[in-house]
Amino acid sequence: MEATFIAALAGLTSIGAYYVGARALGLPSARLGAAVGKMLESVGMVLIFLAVNLTTSVLVVLVVRGLADTFVSAYAVDDAVWLGLSLIQGLAFQSWRGSAAEPASGR
Amino acid sequence: MDTTVRRGDRVCRTIGLAGIVFFLVSAFSPLAYRLNQWMADSPRLVASDAIVVLGGWISPSGMLSLESLRRTNRGIELYRRGLAPVLILLGGSTGGGPTEAEVRAAQARLHGIPAEAILTETRARTTREEAARVKALLEPRGVRTVLLVTNAGHLARARPLFERAGFEVRGVPSDPLVGADAPESRIAQMRVLVKEFLGWLYYRIAGYI
């Protein structure tokens with residue numbers, strides 16, 4: 001029930017956003033596919049950062065365990081904040097890549 | 001240069017698409033519940049020599065995590081059903097606070113379990129260490145069969161470790177095996193499963209199981 005409600009509501013707001021974009025803002029519908037592609041690229045970049053962050057932190061934990069006398073739990077890696085941090089890193093990196101691909105402005 | 005960028009974009013798109021599909025399937029389908037059920041197998045609630053309740057997590061102030069409480073309650077329930085004469089509770093401390101095993105033991109005593117039927121182990125820090133410590137604790141007592149209590153995803157890793165330690169293991173999942181309907185609960189369940197899968201993979205690569 002809750003899942004259906006959430007899915008239906010997200011569907012409605014998506015349709016609403018399409019109408020606002022197409023009608024009120026005059027955005028070309030033909031470019032929607034390309035925009036979705038760009039969104040997928042950004043999500044992919046965030047996931048790459050997440051994988052790199054988690055793998056690196058596990059390796060650090062294992063190295064610290066091997067070298068130092070103190071025990072560090074691998075569960076330190078299991079924190080939702082990694083997703084937020086990876087989101088920031090991934091979006092920033094993707095924007096940087098995007099800006100590098102654009103032609104330089106007049107000034 | 002352009003080709004490299006395009007290829008990079010394609011890789012990002014594919015990963016992004018896979019991530020979104022995984023997210024939607026996890027949130028809006030019973031996949032996590034089905035996987036959990038499959039990993040839990042059917043618990044074999046038969047009389048055994050001991051009940052072993054693996055550690056979860058405790059806060060520095062001494063509050064058991066939800067998972068730790070679930071496992072403890074399951075262990076207490078098994079004991080009260082007369083399935084084993086000994087209850088072994090595991091778990092160390094966090095940040096110098098009280099140990100998880102002692103807090104659990106206090107709970108078990110509150111539920112009427114005699115102190116002499118409770119054993120605690122507070123030094124093990126990983127599942128592998130838990131198996132080794134429990135072996136050292138129970139082998140002299142001649143314990144062969146154990147009811148191993150932990151969450152279903154963790155059982156996949158814990159069971160072979162305890163079998164390697166020489167026990168005949170009857171896995172008893174602590175999870176409430178009811179289908180979570182809320183997307184957030186499904187995502188949380190999938191997160192636990194992914195974490196446990198990675199833990200299992202690490203133990204396999206390291207040759208522990």
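**View 1. Chain B from end to end.** Starting at the N terminus, chain B runs α-α-β-α-β-α-β-α-β-α-β-α. That makes seven helices and five strands, where helices (H or I, at least four residues) and strands (E, at least two) are DSSP runs numbered from the N terminus. This is a predicted model, in which local features need pLDDT of at least 70 and side-chain atom pairs count only at pLDDT 80 or more, while totals for chains, interfaces and linings use all residues. Residues are numbered from 1 along each chain as its sequence is written, with chains lettered from A and ligands numbered from 1 in the order in which they are written. The C-alpha trace of chain B spans about 70 × 35 × 35 Å along its principal axes.

**View 2. Where chain B touches chain A.** Here 16 residues from chain B meet 17 residues from chain A; two residues are in contact if their C-beta atoms, placed from the backbone, lie within 7 Å. On the chain B side, α1 (2–28) and α7 (183–206) each supply at least two residues. The most come from α1(B), with 11 residues.

**View 3. Strands β4 and β5 of chain B.** Strand β4 (residues 145–150) of chain B pairs with β5(B) in the parallel sense, over six bridges; DSSP has to find at least two bridges for strands to pair. Look for Thr150(B), which sits opposite Pro173(B) in β5(B). Between β4(B) and β5(B) the chain passes through helix α6 (residues 152–164) of chain B, in a right-handed β-α-β crossover. Right-handed means that, with the strands pointing away from the viewer, the path from the first strand over the helix to the second runs clockwise. In β5 (residues 168–173) of chain B, five of the six residues are buried, that is, 20 or more other C-beta atoms lie within 10 Å of their own, with C-beta atoms placed from the backbone.

**View 4. Inside the largest nonpolar core.** This core has 36 residues, and those with the most contacts inside it include Ile51(B), Ile88(B), Leu89(B) and Val146(B). A nonpolar core is a set of buried Ala, Val, Leu, Ile, Met, Phe, Trp, Tyr and Cys residues joined through C-beta atoms within 7 Å. Helix α6(B) provides the largest share, six residues. Zoom in on Leu89(B): beyond its neighbours within four places in sequence, its contacts include Val53(B), Ala101(B), Ala105(B) and Ile118(B).

Notes. Buried ≥ 20, exposed ≤ 12 C-beta atoms within 10 Å, placed from the backbone.
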